[in-house]
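Visitor: Could you walk me through this model, and start with what holds the middle together?
Guide: Gladly; here it is.

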Amino acid sequence: MKQFLRYLNVKELVRPIGQMLAFSLGSAAVMSAIILILALVLDKTAVGTALVNKLNVSLFSYTLSNLPQVVIDGLTIGFVYAAIALGYTMVYGVLQFINFAHSEIFAVGAFVGVEVLIFLQTLGVLSGASVFMAYAYLSLAILLAMLAAGGLAVTVEKIAYRPLRNAPRLVPLTAAIGVSFLLQDLIRLVEGLTTGQFNRIIPTFGNFDDRITGKLTLGATKLFIGISVKSIIVIVAAVLMLIALNYLVNATKVGKAIRAVSQDMRTASLMGINVNRIISITFLVGGLLGGAAGLLYALKFTRIDPFIGFFPGIKAFTAAVLGGIGNMTGALLGGIILGLLETFAGSYLGVFTMGAAGSEYKDIFAFSILILVLIFRPQGLMGKNVGQKA
Amino acid sequence: MLKRRNSLFSMMVAAGLSLAMIGSAGAADKVVKVATQSPLSGDQSVVGVDIKRGAELALEQLGAPLAAMGFKVELAPFDDQANPDAGVANAKRIVSDPAVLAVVGHYNSGVQIPSSEVYHTSGLVNVSPANTNPKVTTRGYLEVNRIVGRDDVQGVVGADFAAAKGVKTAFVVHDKSAYGQGIAEFFKKRAEENKIKVLGFEGTEEKANFDALLSPIVAGNPDLIYFGGMAFQAAVLFKQARERGYEGMFLSDDGFDSPDAAKIGGKTLIAGAGTYYSTVSGPASVYPGTAKFITDFKAKYNADPQPFAAQGYDSMGISLKAIEMAAAANKNEVPTREAVAKAVRALKAYKGITGTYTFNDIGDPEKALYFVIQVKSADPAAWASNPIVQTLEIAPPK
């Protein structure tokens, strides 16, 4: 045990937890402050009176009473985005190209996991499962989803990207888009042939749909907070994965090799690093994360189809760019910020525009912010402004 | 000599070397086709496939008179994928085949409306088993008919039902499609006339994450959440609303009428103040004439008919009857498409299994049935046994 502890790099375990806490609390606090100030300013204007007429509540207390829920929802989806974004950013780190097929790796993870659960359901073991067994089955499904997605990511790299390693950068990018479409229709084909329909619904089991509620009294306003068990699972699983990934990259020999390859592939190979193997590992790790995120997404939102990867994929890619592509801490921060932004916009846009622009405009709002950030910081929030790599 | 050449031609037909054109010229059988268009794949295929099956069954059982006149009637099923682009592309293929004399079809109004523009320009008659948007018929095309009610009535039925249930506040959500947004607007208008306070009116194409949309909804805690659109979105929204502690009532429209709703929503639909939906098509069992249809359907497909399957049967029946009348007027020769379209309108009191149909001058049935149904079971297999809480017979608005 002592021996083991000596090899364990405790610093690298604590550091990401600190980062995540700081990022989550920090961005949540900033956005909450902005929205509360906005609410105070607009309280006595037409916007405020419109709300009083409708719900008989002042804009400020409405904003405040919804705030905890919005933050929780935003963080939940934010961590999912972060887990996917890491797949984009790691591949970009070593190969300098955007693996657009990553969104389908995510979808494959979702499908494999859900099919495993549906299979367990047809065996009849799911419906009566105890809480402990329910978690065991879910873990099994997540594990298989990760393995399938990870394996697929490695295969895609071997077949579609490796032969193009020395081609101009636009070529593997185009290949990635092609692979993305191919995989979408492959899921459709396989699901259509085996099950007859390609929209799948995750079985209901365990206590995942339960809801933990709390009440907070803050002066005159009462704050109702609720979080479903599955949201907690999503957050906890994502946090564990992010810690593990951080440890892998920053505290192990393999991680050192990954960092070396991302700094300079040729020199790394001169130093005796098997570059092909490291690139495969990078894809494997990205795929594992993406696959798990896929099943977590399905668990949280119930229904999946072969195109399910598209929007989370685009958003995670955006999150990676926002944080600074190639930078892992940046992907984490970007995911959290994007998730929060989107949920804040979706929840409050309708009220603040007096119903003129509802939550359907949340993406427009979130992406406008992204464009603004990139105008002033083209390298992303945490990216370093490095010159063109050799 | 001529006879021998004829039989040679027939052999070629049998060998599959030539299609309908040569077949009708050479063989004894005059081939005509009736196309179906419905979603055979994707989210809405549960209902779409059974529209096709209903039509298929009708062709088998009601095709005898045409066969006796020397016609060979074939079914040409098309998959519109619940997608306007796919529907229009299919429509172009359908009208380019001269053997097609009628189209039974479309489940989604948003698909039917652009596709029927194509039928209209080529004079091909369309009998719709399920499309409820007013615009389907109000364009006044001779070719377009439907055997179901309309959303401007269905929305009103929903809003009146909500008022009768004592609903004071409602939040209206729709899917931004011609059908969903249309019915949601009619619901909202009538709800406001009924003194129901509409707290919000939002469109969304979201399929998974309704968190952001639900924050303002749950904050207002309305008595009712209304969804204008299809089950695969509505059920996910309803489920997530319940998970956030919403206890009020859910109300939706005939797009909600699919066992998938129970599969997705499960127990959450029954909790709280429950879930209701208005529809223009009751479960097949409520119509007096459908007993034989249900047994035959089960025997052939080994499954219960889904909503609109019986309407698919009747739409096909109407098409066949019209072709028969038009052919009889044309000395038993293949009638023109225009003659078939006129024959559909000329039908008086066609006795189908879901009702007796006479079309008015824009293609609406003179009276249509509207139902409000309560979701009682979380089991998708028991969807057809959900009880009807209200039945109304209303004429289309002028």
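Guide: The largest nonpolar core has 239 residues, where a nonpolar core is a set of buried Ala, Val, Leu, Ile, Met, Phe, Trp, Tyr and Cys residues joined through C-beta atoms within 7 Å. The residues with the most contacts inside this core are Val80(A), Ala82(A), Ala83(A), Ala238(A), Ala292(A), Ala170(B) and Val340(B).

Visitor: Which helix gives the most to this core?
Guide: That is helix α4 (residues 59-95) of chain A, with 22 residues; helices (H or I, at least four residues) and strands (E, at least two) are DSSP runs, numbered from the N terminus. On the side of chain B, domain 1 (2-148 + 286-366) and domain 2 (151-279 + 370-394) both give residues to the core, so it lies between them. Those domain bounds come from an automatic or database domain assignment.

Visitor: Before going on, what kind of model is this, and how is it numbered?
Guide: This is a predicted model, in which local features need pLDDT of at least 70 and side-chain atom pairs count only at pLDDT 80 or more, while totals for chains, interfaces and linings use all residues. Residues are numbered from 1 along each chain as its sequence is written, and chains are lettered from A and ligands numbered from 1 in the order in which they are written.

Visitor: Now the two domains of chain B: how far apart are their centres?
Guide: The C-alpha centres of domain 1 of chain B and domain 2 of chain B lie 32 Å apart, and the contact takes 15 residues from domain 1 and 16 residues from domain 2. On the side of domain 1 that touches domain 2, the elements that give two or more residues are α3 (45-62) and α6 (109-121) of chain B, and the largest share, three residues, comes from α6(B).

Visitor: And how do the residues on that side of domain 1 divide by class?
Guide: They divide into six nonpolar, six polar and three charged, where Ala, Val, Leu, Ile, Met, Phe, Trp, Tyr, Cys and Pro count as nonpolar, Asp, Glu, Lys and Arg as charged, and the others, Gly among them, as polar.

Visitor: Take Ser109(B): is it buried or exposed?
Guide: Ser109(B), which lies in helix α6 of chain B, counts as buried because it has 25 C-beta neighbours inside 10 Å. A residue is buried if 20 or more other C-beta atoms lie within 10 Å of its own, exposed if 12 or fewer, and partly exposed in between, with C-beta atoms placed from the backbone. Leaving aside its neighbours within four places in sequence, Ser109(B) is in contact with Asn131(B), Thr132(B), Asn133(B), Val136(B), Ala178(B) and Tyr179(B).

Visitor: Changing topic, at what angle do α9(A) and α11(A) pack?
Guide: Helix α9 (residues 253-263) and helix α11 (residues 275-301) of chain A pack at an angle of about 105°, with their axes 10 Å apart, which makes α9(A) roughly perpendicular to α11(A). Axes are lines fitted to C-alpha atoms, for helices over the stretch in contact, and angles run from 0 to 180 degrees between N-to-C directions; angles under 35 degrees count as roughly parallel, over 145 as roughly antiparallel, 65 to 115 as roughly perpendicular and the rest as oblique.

Visitor: Which residues make that contact?
Guide: Val254(A), Ala257(A), Ile258(A) and Val261(A) take part from α9(A), and Val275(A), Ile278(A), Ile279(A), Ile281(A) and Thr282(A) from α11(A). By class, this contact has eight nonpolar, one polar and no charged residues.

Visitor: One last thing about the backbone: what is phi at Gln81(B) and at Lys195(B)?
Guide: Phi of Gln81(B) is near 55°, a positive value in a residue other than glycine, and Lys195(B), also not a glycine, has a positive phi of about 65°. Gln81(B) is found in the loop between β2 (71-79) and α5 (84-95) of chain B and is buried, with 23 other C-beta atoms within 10 Å. Lys195(B) lies in the loop between α9 (178-193) and β7 (197-203) of chain B and is exposed, with 8 other C-beta atoms within 10 Å.

Note on methods
Contact = placed C-beta atoms within 7 Å.
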